[in-house]
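Okay, thanks for coming, everyone. Let me put the thing up on the screen and we'll walk through it together.

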Amino acid sequence: MRLPCAAARLLPPPRRAGAALPPRRAAARAAEQLENKTKGKLQKQICQVVLDHFEKQYTKELGDTWTSVRDVLTYPLCWQYAVLLNKFSQSAELEDTLRVKGYHPAFQGPLPYLPASLACYIRRTPERLPAQKHQAGKLKEYYLLNAASLLPVLALEVKDGEDVLDLCAAPGGKSVAILQCAYPGQFHCNEYDDLRSRWLKQTIESFIPDPLINLIMVSKLDGRQIGDLKPELYDKVLVDAPCSNDRSWLFSSDIQQATLRLIQRKELSSLQFQLLSFFFEG
Ligand SMILES: C[S@@+](CC[C@H](N)C(=O)[O-])C[C@H]1O[C@@H](n2cnc3c(N)ncnc32)[C@H](O)[C@@H]1O
């Protein structure tokens with residue numbers, strides 16, 4: 001993947017408005033408009049306190065690799081560059097647009113598990129399509145994410161009819177991805193945080209059609225308690241434990257909040273361990 005210097009090359013040439021275009025060029029034009037809209041939204045300010053902290057910590061932990069990790073962290077176009085298509089709201093126009101923009105499938109075989117129904121696209125020069133707005137009663141066509149987020153979903157190898165728990169589910173990217181792969185028997189999505197739980201529900205509503213939504217149970221429990229309930233109820237459990245969320249704090253406009261988070265992130269490893277250990281014991 002090429003990094004920041006690619007941004008200048010993404011700028012499209014100016015076009016005359018109103019002229020009728022053949023379908024391929026119309027798709028290309030739609031693609032350019034999407035691109036411009038997104039670029040405007042991604043001008044963010046780096047929080048220097050946080051970057052300094054990362055410089056110190058990650059130079060120690062990652063050595064030379066830190067330089068390329070920093071490039072990705074400080075370049076928002078690289079964050080959610082992959083486009084996961086929603087099989088419940090397919091759009092030939094969108095697939096056309098992606099093709100014109102040079103996207104290709106993110107995963108190609110042979111992989112032990114890669115359902116044909118999971119369609120995720122990336123392209124060589126990173127960019128980010130605009131996120132689609134939530135509209136009641138209308139399913140979204142795609143979900144933006146980092147393609148690596150799909151690896152745990154593929155590792156889970158969910159098959160039709162299996163009972164699945166997504167323990168730390170908000171905002172719901174992996175829940176949506178699981179449902180692109182298979183039709184679980186029971187699908188339990190859990191999220192502890194109140195606000196994020198609402199976000200999770202909204203994601204599910206935005207991507208999953210009604211008959212299937214009725215089979216999904218959404219709860220708001222502390223994941224450490226679910227392990228005490230009945231972990232044997234599930235065939236597969238996804239534990240996407242809370243992480244340090246480095247990217248968002250790097251662009252925080254509130255220096256005090258960001259500094260506080262830097263201190264709190266030390267406690268994360270213990271929570272991650274507790275969330276995981278219930279299921280290993282169960
Ligand atoms: C890495 S995010 C999950 C991302 C999500 N799986 C996705 O793909 O969109 C971790 C989530 O765990 C939630 N969380 C934190 N502590 C938790 C707990 N004790 N039990 C359950 N969820 C928790 C956080 O609020 C956060 O939403």
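So, which atom of Gly 223 lies 2.7 Å from a nitrogen atom of the ligand? A backbone N or O atom of Gly 223 does that. Quick caveat: this is a predicted model, where local features need pLDDT of at least 70, side-chain atom pairs count only at pLDDT 80 or more, and totals for chains, interfaces and linings use all residues. Residues are numbered from 1 along each chain as its sequence is written, and side-chain values use heavy atoms, with hydrogens and water left out.

Back to the ligand. One of its nitrogen atoms is 2.9 Å from an N or O atom in the side chain of Asp 222. On the oxygen side, the side chain of Glu 191 has an N or O atom 2.6 Å from a ligand oxygen. Taken alone, the ligand exposes 610 Å², and the protein buries 88% of that (areas by Shrake-Rupley, 1.4 Å probe).

Who's around it? 21 residues surround the ligand, each with a heavy atom within 4 Å of it. Among the closest are Gly 173, Arg 196 and Asp 240.

Now, Arg 123. You'll find Arg 123 in the loop between β3 (120-122) and β4 (142-145); strands here are DSSP E runs of at least two residues. Arg 123 is buried, with a relative accessible area of 12% (buried means under 20%, 1.4 Å probe, protein chains only). What does its side chain reach at 2.9 Å? That's the backbone oxygen of Thr 125. A polar atom of the Arg 123 side chain also lies 2.8 Å from the backbone oxygen of Lys 101.

Terms used
Polar contact = N/O pair within 3.5 Å; in protein donor to acceptor, adjacent residues only side chain to side chain. Helix = DSSP H or I, 4+ residues; strand = E, 2+ residues; numbered from the N terminus. Buried < 20%, exposed > 50% of the residue type's maximum accessible area, 1.4 Å probe, protein only.
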